[in-house]
Amino acid sequence: QVQLAESGGDSVQAGGSLRLSCVSSVYADSRACMAWFRQAPGKEREGVAAMHRSAGSSYTYYSAFVEDRFLISTDSAKNTVYLQMNSLKPEDSAMYYCATRRGACTVATWAARGQYEYWGQGTQVTVSS
């Protein structure tokens with residue numbers, strides 16, 4: 001059973017930054033697609049970003065609303081995936097979840113929450129105007 005533990009959520013002012021972390025009990029390397037999702041009250045859970053590594057290269061995927069404000073990265077030695085969030089907006093407020101599945105991410109499926117086998121408990125991000 002893979003366990004994921006998120007941290008780093010907080011309350012910040014609009015324009016601020018946060019870095020979320022997700023530690024996996026197994027791996028965060030080429031064997032897995034690591035992703036961040038978010039869910040605001042009354043809304044569906046949506047994909048934010050995903051990443052996998054292959055042959056020394058990193059492959060990253062972002063939703064359009066990220067607008068180059070967020071950066072996903074991994075530290076394979078620590079089995080950790082990060083989400084650096086800059087220029088935060090009130091509409092970024094949500095519970096942020098880490099998710100993983102075996103195999104590489106793909107353009108077609110990385111944002112499909114049904115594709116992921118394991119989920120963390122979430123970390124709350126609140127952005128005030």
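Tutor: The account below begins with the disulfides and then turns to their surroundings.

This is a predicted model, in which local features need pLDDT of at least 70 and side-chain atom pairs count only at pLDDT 80 or more, while totals for chains, interfaces and linings use all residues. Residues are numbered from 1 along each chain as its sequence is written, and side-chain values use heavy atoms, with hydrogens and water left out.

A disulfide is a covalent bond between the sulfur atoms of two cysteines. Here the term is applied to a pair of cysteine sulfur atoms within 2.5 Å, and by this rule the count comes to two disulfides. With bonded cysteines counted along the chain, the pattern is 1-3, 2-4.

Strands (E, at least two residues) and helices (H or I, at least four) are DSSP runs, numbered from the N terminus. Cys 22 counts as buried because its relative accessibility is 0%, and Cys 98 is likewise buried at 0%. Buried means under 20% relative accessible area, exposed over 50%, and partly exposed in between, with a 1.4 Å probe and protein chains only.

Two strands pair if DSSP finds at least two bridges between them. Six bridges join β3 to β8, and these two strands run antiparallel; within this pairing, Cys 22 has Val 81 of β8 as its bridge partner. On the other pairing of β3, four bridges connect it to β1 in the antiparallel sense, and there Ala 5 has Val 23 of β3 as its bridge partner. Five of the seven residues of β3 are buried, so this strand is largely enclosed by the rest of the structure.

The other disulfide joins Cys 33 to Cys 105, with an S to S distance of 2.1 Å. The link is right-handed, with 105 degrees about the S-S bond. Cys 33 lies in strand β4 and Cys 105 in the loop between β9 and β10 (118–119), so the pair ties together parts that are 72 residues apart in sequence. Cys 33 is buried at 0% relative accessibility, and Cys 105 is buried at 4%.

Strand β9 also contains Thr 100, which is buried with a relative accessible area of 3%. Thr 100 and Cys 33 are 67 residues apart in sequence and 5.5 Å apart in space, C-alpha to C-alpha. The side chain of Thr 100 reaches the backbone oxygen of Cys 33 at 3.2 Å. Leaving aside neighbours within four places in sequence, Thr 100 is in contact (heavy atoms within 4.5 Å) with residues including Val 2, Leu 4, Cys 33 and Tyr 116.

The nonpolar cores complete the setting. A nonpolar core is a set of buried Ala, Val, Leu, Ile, Met, Phe, Trp, Tyr and Cys residues joined through side-chain atoms within 4.5 Å. The largest has 26 residues, of which Trp 36, Val 48, Phe 70, Leu 83, Met 85 and Tyr 96 touch the most other members. Strands that each supply at least two residues of this core include β3 (18–24), β4 (32–39), β8 (80–85) and β9 (94–102). A second, separate core of nine residues includes both Cys 33 and Cys 105, along with Tyr 61 and Trp 110.

Trp 110 is also touched by Ser 63, as are Gly 47 and Val 48, not counting residues up to four places away in sequence. Ser 63 is placed in the loop between β6 (57–62) and β7 (70–75), and it is buried, with a relative accessible area of 16%. A polar atom of its side chain lies 2.6 Å from the backbone oxygen of Gly 47.

Conventions. A polar contact is a pair of N or O atoms within 3.5 Å; within protein, one must be able to donate a hydrogen and the other to accept it, and residues adjacent in sequence count only if both atoms are side-chain atoms.
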